[in-house]
Amino acid sequence: MTAPARAAGRPSTTYVEAIREGILEEMERDPRVFVLGEDIGVYGGAFRVTEGFLARFGEERVLDTPLSETAIVGAAVGAAMMGMRPVAEMQFADFFSCSFDMITNFAAKSRYRTGVGVPLVVRGPSGGGVHGGPFHSQNPEAYFAHTPGLKIVQPATAADAKGLIKAAIRDDDPVLFFEHKFLYRRVRDVLPEGDHVVPIGKAALRRRGRDLTILTYGAMVWTALDAAATLESEGIDAEVVDLRTLLPLDEEAILESVGRTNRALVLHEATRTGGIGAEIAAVLAERCFDSLDAPVLRVTAPDTPVPFSPPLEEFFLPDVEKVCRAARTLAGY
Amino acid sequence: MADPTREQRIAVYRHMRTTRLVEEKLVHLYRQGKIVGGLYRCLGQEATAVGSAFALSKGDILGPLIRNLGSVLVMGFTPRDVFAQHMGKASAPSGGKDGNLHLGTPEQGVVSAISMLGALVPVMAGIALAARMQRRPIVAMTYIGDGGTSTGPFHEGMNFAGVERLPLVVVAENNGWAYSTPFRKQTAARSLADRATAYGVPADSVDGNDVLAVYEACRRAVDRARRGEGPTLVEAKTYRMKGHAEHDNQEYVPKQELEAWIRRDPIEAFARALLESGLATRQDLAAIDREASVLVERDADLADKSPFPAPERALEGVYAVASETPSEVAAGRAAS
């Protein structure tokens, strides 16, 4: 994985610390913001995202809950309807499914049915690469991307992790915030000073290139950048677009990039069928067919559960070599 | 009102009677094909709905289910709202976006249910949690049927409310049937009140067809919640006099059982009590019935004559910022 650039002078912050900083700043700025979840108070969260919050904000705003995802998100929905700004932690993104109704049927449909907004954030660690097995490694974003009313965000950098969690908390609609756990302590940034908010719905250009566009998000942004470096030595100039928000997709950024490079490779760690990549491929087919010099290719995990044993998981996950192979195919058109 | 005044008792009677008349009108409209979708009735359960909602005070928030027409009327929605909602009209509280009794906002004192039963319990716990954080001395109340108590969300919501000692009252309406499934197939527990024990939540069990008994039990629970002493489950034993919805002829229900409950009609029982106690005369009640009937006919007519929503409104209101609604982008693209 590419180590992100470090600016001299000010200390850099990890992705997980950046999320913590973002939530903390929002809690200081807005008394309506509170956090709830399993083991987030006394313990500081399974991944330490809320470490020190209990001492700072007290147990009313840092609520340790029963092991009860439906109660956590359900209570967050009710509180949000009352004008609070709850930030609910799911200990792993795999457990978002335990509160599926609360997210997809209560939170997502409330504004449409009754005009009552549900400004809540449900956040948690997703993704593989840490040998967590079938139930601690999933990327469940596509389950939720099919739900109008939700927004879905997944940062790839520490700066975005902070800026997007702040934007998510300020958003008037329900936001699912997927944190890639592989990145928690592996990427860092010197965070921008001041009130750093990254708008939801805007992709970021991570590397400019002429020959093809890799459209990706989360930890795969770094895989794409590593692949681009390899491809450069072979004379293939790849552009990398970090989607950052998966619902709604930044279609204009996607079209702008692919309109220039004329070749598109969609890369995600989630499994293939019905994934975000399929939606992007459809958008490209509908909106920039005339610009395409090659079919849209997908590099994704295969349609299997996430396997546990290291050789199995390494085989399962997309990597630099798989991305390079697909890029060479595209460049050959 | 530990001991309701005459005026309050008359108001309770008026709401129960209005509930019955609205429902009869809904059935009429359903047969005329003017009701969109199914019609879920509450015949025989009016006392549970009205008695419980009457136990609330201004500012309290209620989460009603589809058989709580009476509660919705007590909370201030009009028969016209209810008719428009069932007809899918633009003037409906949901603007035609949702049907039946899925209506209301916390500001109006009502949280709109979703059809996934049990889901309101954790959400109403969150309403109570937020109110406590906001230092608002209000109580949240919601309902669950005998079927709904078998769901995970019911369990999770009750458990959370118990742990947090939230100001929540859950009225468990035991009407004997969840669609075609009888109580004995729903739980091995003897009563719904027994379920509360598992959450460390006190429970009360009342005759759900006795409106004052429902009111008094709910009032005790509401007072307890407001004092900061935590949630209560109030089991109201009543009976679903009709099928799950109008299409269902409830042939699975034993006739004798149904006949026994017909003799226990909650509105007739309360009318008798008012007459016997001398608080009302037959003429008084007849006048109330007439007024309610006029109101119901007028409101049904107003709703019937009001327009359907403009079709393109289907795209509105998904997100706070209209331009963020992806479907609008898609529609714009298709049109261009």
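Predicted model: local features only at pLDDT ≥ 70, side-chain atom pairs only at ≥ 80, totals over all residues.
Helices here are DSSP runs of H or I with at least four residues, strands are runs of E with at least two, and both are numbered from the N terminus. Residues are numbered from 1 along each chain as its sequence is written, and chains are lettered from A and ligands numbered from 1 in the order in which they are written.

Let me stay with B:Arg195 for a moment: is this residue buried or exposed? A residue is called buried if 20 or more other C-beta atoms, placed from the backbone, lie within 10 Å of its own, exposed if 12 or fewer do, and partly exposed in between. B:Arg195 counts as buried because it has 24 C-beta neighbours inside 10 Å. Two residues are in contact if their C-beta atoms, again placed from the backbone, lie within 7 Å, and beyond its neighbours within four places in sequence B:Arg195 is in contact with B:Thr149 and B:Ala189. B:Thr149 is 46 residues away along the chain, yet the two C-alpha atoms are separated by 8.3 Å.

Turning to where the chains meet, the contact takes 37 residues from chain B and 32 residues from chain A. On the side of chain B that touches chain A, α5(B) gives the most, with 10 residues.

Within chain A, an automatic or database domain assignment gives domain 1 (13-189) and domain 2 (204-331), and their C-alpha centres lie 26 Å apart. Their contact takes 24 residues from domain 1 of chain A and 21 residues from domain 2 of chain A, and on the domain 1 side α5 (141-145), β6 (151-153) and α6 (158-170) of chain A each supply at least two residues.

Finally, the core. A nonpolar core is a set of buried Ala, Val, Leu, Ile, Met, Phe, Trp, Tyr and Cys residues joined through C-beta atoms within 7 Å. The largest one has 197 residues, and those with the most contacts inside it are A:Val77, A:Leu265, B:Ile127 and B:Val169. As for B:Val169, its contacts beyond four places in sequence include B:Val139, B:Met141 and B:Cys218.
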